[in-house]
Each structure stands twice: as structure tokens, then as C-alpha cells.
Amino acid sequence: MTASIGKRIVEMPAYIPIEPIDVLAARLNIPAEKIVKMDANENPYGPSPLVKEALARLDLVNIYPDPESRKLRDGLSNFHKVPMENLLAGSGADELIDLLVRVLLEPGDCVINCVPTFGMYSFDTLLNYGTCISIQRNADFSLDQEAIEVAVRKNKPKIIFACSPNNPDGRLLTGEEIDFLLSLHTLVVVDEAYIEFTQQNLDLGRSRSIITQTPKRENLVVLRTFSKWAGLAGLRVGFGAFPSWLMDSLWKAKQPYNVNIAASAAALASLSDDAYLAGNVARIQQERARLFTKLQSLPTLQPYPSQSNFILCKTKNVSAIEIKRKLASRGVFIRHYDNALLKDCIRISVGRPEDTDELIHQLEGIL
Ligand SMILES: Cc1ncc(COP(=O)(O)O)c(C=O)c1O
């Protein structure tokens with residue numbers, strides 16, 4: 001056989017996805033309802049009841065879905081006040097990150113990544129023959145504007161990725177930071193996967209999101225998802241707002257039937273029940289404040305303020321991996337980081353009050 005695996009695939013690090021509840025429960029040999037899952041920033045309250053009704057009514061599953069997701073894009077256009085022509089839906093925001101990189105990068109091109117941040121930007125860049133230039137954020141996770149400017153001038157990147165609020169720290173970009181990025185004349189992809197959770201903001205992110213600026217700004221893309229605020233992570237549906245010049249190429253390169261009919265119907269049902277979902281977001285915001293106070297009271301943890309549905313903590317005098325392992329063996333799942341950018345940190349997704357109580361109870365036993 002002459003076939004061999006491409007060098008970049010062999011050399012690139014794997015993305016390590018989070019496992020679902022039934023797999024974790026089977027591994028620990030405990031009932032699924034005993035698992036406290038605070039590792040993937042999922043919505044503990046699940047979807048709107050209208051989603052279940054819409055899924056029960058699904059018809060024509062033997063027919064391919066609309067390749068242009070017209071009904072969903074129309075619904076999104078009305079909801080977000082962005083022209084339908086500038087919207088494209090995807091199988092999660094993840095698919096759109098990959099699509100953007102595939103459309104824009106030639107082998108050897110580079111992107112700028114403001115690290116630490118969500119792992120898919122670098123993963124998809126490497127997968128698509130690109131190079132990722134990592135610019136480390138400042139200690140408070142704000143952008144190092146000087147370093148970004150120098151890197152843009154030197155490397156002429158095709159894309160600057162900027163997550164807001166950023167995963168894993170939960171900091172929202174300021175208007176000044178966004179204006180700075182947009183002034184660099186490079187395509188800026190602002191990932192607003194968690195915008196609905198921003199502080200004191202009961203309007204599902206409307207007053208903080210910059211999505212309505214997209215058709216007017218030539219170099220701005222905004223990505224959104226139904227995975228977090230709408231509790232649809234398992235159905236895989238997200239969307240992006242893009243400048244007009246990009247649209248034809250995105251349509252050309254995307255998989256033809258990328259959003260399935262269950263995902264579309266669930267997303268539309270969510271848009272029609274936004275008040276109910278905003279109530280769940282408010283509960284998560286309240287619980288975030290309670291969880292923060294409890295984490296702060298533990299002498300070995302130093303939580304960072306977050307505008308998202310997770311809290312990053314620095315661990316003191318105890319290794320992050322050890323906390324993660326011990327919690328996991330007790331059925332509580334969180335994420336840990338231990339690399340050059342984030343030494344000894346854990347990230348805890350905000351759950352229900354009972355999830356916080358169980359986590360704190362277990363942490364008190366461990367620390
Ligand atoms: C910043 C960020 N963007 C995008 C995603 C993926 O969103 P989706 O589930 O829509 O693919 C995640 C998932 O955790 C994320 O943290």
C-alpha cells in the first residue's frame with residue numbers, strides 16, 4: 001500500500017473532546033444521575049419545552065434538509081436584526097470556524113490567536129495547512145494590543161480570532177479592544193458563543209453583542225451558537241454573521257446539508273421561546289455569583305471574575321490535575337489547564353445550585 005498519513009496530521013496535537021454523561025457514568029460504575037458535569041460549559045437546564053414539541057412533530061426525515069437553512073436564517077435575521085444574506089448556519093459554531101479557515105487560508109498562511117483561548121481556532125488552522133501565531137493575553141486576560149499590532153504588520157495574517165467572553169477566563173472584550181482589532185485591516189472573527197451570559201444582562205446579550213455591526217464592517221465576522229444559552233449542544237447548531245464579500249465563497253465551500261432538520265427545528269423553537277430561555281440564563285448568572293463567592297472562600301482557589309457560564313480558578317499549593325482527578329473519582333467533572341499559558345488552573349462550568357453544593361462539598365473534602 002502506498003497511502004500514508006499527511007505530515008501535518010501526524011504532527012499536530014489532537015483536540016481532546018469532553019465525554020458525555022453515560023460514558024462517564026459507565027467508567028465510574030455509578031448511575032448517570034449521580035454525575036455532576038461541570039466540564040463543558042453546557043446548559044444544566046436543557047432546552048425550551050417547545051424544542052421537545054418541535055422534535056416530536058418532525059416530518060420528512062427521509063428528505064435532505066434545506067441546504068440554505070432558509071427558515072432558520074429568516075428566523076435569525078428577524079431575531080438579530082441582521083440581513084439574512086449575511087447569515088450562514090452551521091453544525092455548531094465549530095463547523096463555521098473550520099469553514100472560515102478552509103475558505104481563507106492557503107498553505108503557509110497564518111492566523112493570530114489571542115491565547116489562552118478556545119482550542120478550535122488553532123486546531124482548525126493546523127488542520128487546514130495554516131500557521132497559528134499565538135499572542136499571549138495580559139495577566140487580566142485583556143489583549144496585548146502592541147504585540148498584536150507588531151505581529152499583524154510582520155506576518156500579514158488572514159484572520160485574527162478573538163473570543164468574547166473568552167473561553168477559559170470569561171472576560172468580555174471592551175469596545176475599545178474591538179475597535180483596535182478592526183482598525184488593523186485584517187478579518188476579525190469575534191466568537192460570541194457565551195455573549196448571552198454577560199453580567200447584568202438579561203437581554204440575551206443583545207446590548208453587548210456586536211453582531212448587528214457585521215454587514216456594515218467589511219472585516220468583522222461574529223459567531224454565535226445555540227449550544228450554551230439555548231441548551232442545544234447535543235443537536236449541533238450555530239451560525240455566523242459575515243461581510244457580504246465572503247458569502248459566495250462560504251456557500252461554495254460548505255457541506256451541502258450541514259444543518260439537519262432536527263437542529264433547525266430546535267433552533268427555531270428556541271428563538272420563539274426566548275423569554276423562557278432568558279429565565280434559565282438568569283438562573284445561571286445568579287448561580288455564577290454564588291459559585292464565585294463559595295470558590296473565593298476556599299483558601300486554595302483564586303477565582304477570576306467571569307461574564308460567562310464558567311469560572312476559571314488558579315490553584316494555590318495544590319496541582320490542578322490532582323484536583324480534577326480527585327473530583328472525577330467522586331463523580332464531579334471539571335476541566336484543568338497546566339501548560340505554559342495557564343499553569344495550575346481549573347475551569348468550572350456553572351451548574352444548578354445543587355451542582356455547586358456537591359462540588360463545594362467534594363472540594364472541601366479534597367483540599
Ligand atoms: C468559545 C467557543 N466557541 C465555540 C464553541 C463551540 O460551539 P458549538 O457547540 O456551537 O460548536 C465553544 C464550545 O465550547 C466555545 O467555547
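Predicted model: local features only at pLDDT ≥ 70, side-chain atom pairs only at ≥ 80, totals over all residues.

Colleague: Fine. Which residues touch the most other members in the largest nonpolar core?

Modeller: Leu181, Phe226, Leu295 and Leu359, out of 76 residues in that core. Helix H11 (residues 274-296) gives the largest share, seven residues. At least three residues come from each of domain 1 (15-44 + 275-366) and domain 2 (49-272).

Colleague: And what is Leu295 in contact with, leaving aside neighbours within four places in sequence?

Modeller: Leu301, Pro303, Ile311, Cys313, Ile348, Leu359, Ile360 and Leu363.

Colleague: Switching to voids. How many cavities of 30 Å³ or more?

Modeller: One. The largest cavity holds about 40 Å³ of space. Its lining is His80, Glu196, Arg224, Thr225, Phe226, Trp229 and Phe239, which splits into three nonpolar, two polar and two charged. Phe226 turns up here as well as in the largest core.

Colleague: What about the second largest pocket, what lines it?

Modeller: It has about 290 Å³ of space and 16 lining residues, with Lys71, Ile261, Ser264, Ala265 and Leu268 nearest its centre. Helix H4 (70-80) and helix H10 (261-272) each supply at least two residues, and H10 has the largest share with four.

Colleague: How does that lining divide into nonpolar, polar and charged?

Modeller: Eight nonpolar, three polar and five charged.

Key: Residues numbered from 1 in each chain as written. Heavy atoms only, no water. Core = buried A, V, L, I, M, F, W, Y, C linked by side-chain atoms within 4.5 Å. Buried < 20%, exposed > 50% of the residue type's maximum accessible area, 1.4 Å probe, protein only. Domains from an automatic or database assignment. Contact = heavy atoms within 4.5 Å. 1 Å grid on protein atoms, 1.4 Å probe; cavity = no way out; pocket = protein on both sides within 12 Å on 5 of 7 lines; lining within 4 Å. Points joined across faces, edges and corners; volume = space filled by probe spheres on them. Nonpolar A, V, L, I, M, F, W, Y, C, P; charged D, E, K, R; others polar.
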